[in-house]
Amino acid sequence: MFTPVILEDLQETFPGWRIWRSSAGRLWATRNGRHLSPYEVDHGLCQTVDADDLAQLAEQLREQDAVDRAL
């Protein structure tokens, strides 16, 4: 499984998300142009996720993709 090593790799791997690093150094990703319904949120999708490092954020985004496919 590919683990992105730089922010640009992560953005390329997950084009449906806007990804950035906060001034505090935390990584964030929010869905690009998609607003989740209450049903989607109730079933585990998140509008925005955050993590301490690229590997953790990549894992969260993979999990979101899996939940999305399951719905």
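Which residue of strand 2 stands opposite W20? The residue in question is W28, which lies in strand 2 and faces W20 across the pairing. The structure is a predicted model, in which local features need pLDDT of at least 70 and side-chain atom pairs count only at pLDDT 80 or more, while totals for chains, interfaces and linings use all residues. Residues are numbered from 1 along each chain as its sequence is written, and side-chain values use heavy atoms, with hydrogens and water left out.

- Strand 1 is joined to strand 2 by five bridges, and the two run antiparallel.
- Strand 2 (residues 27-31) pairs with strand 3 over four bridges, again in the antiparallel sense, and the bridge partner of A29 in strand 3 is V49.

**The two faces of strand 3**

- In a regular strand the side chains alternate between the two faces of the sheet.
- Strand 3 (residues 48-51) has V49 and A51 on a covered face, whereas T48 and D50 are on an uncovered one.

**Helix 3 and A55**

- A55 is found in helix 3, and it counts as partly exposed because its relative accessibility is 40% (buried means under 20% relative accessible area, exposed over 50%, and partly exposed in between, with a 1.4 Å probe and protein chains only).
- The C-alpha atoms of A55 and S23, which are 32 residues apart along the chain, are separated by 19 Å.

**R31 in strand 2**

- R31 lies in strand 2 and is buried yet has no salt bridge, a term that requires a side-chain nitrogen of Lys or Arg within 4 Å of a carboxyl oxygen of Asp or Glu.
- The nearest side chain of opposite charge to R31 is D68, at 4.4 Å.
- Leaving aside residues up to four places away in sequence, R31 touches several residues, including W17, L36, Q64 and D68, with contact meaning heavy atoms within 4.5 Å.

Terms used: Two strands pair if DSSP finds at least two bridges between them. Lys and Arg count as positive and Asp and Glu as negative; His and the chain ends are not counted.
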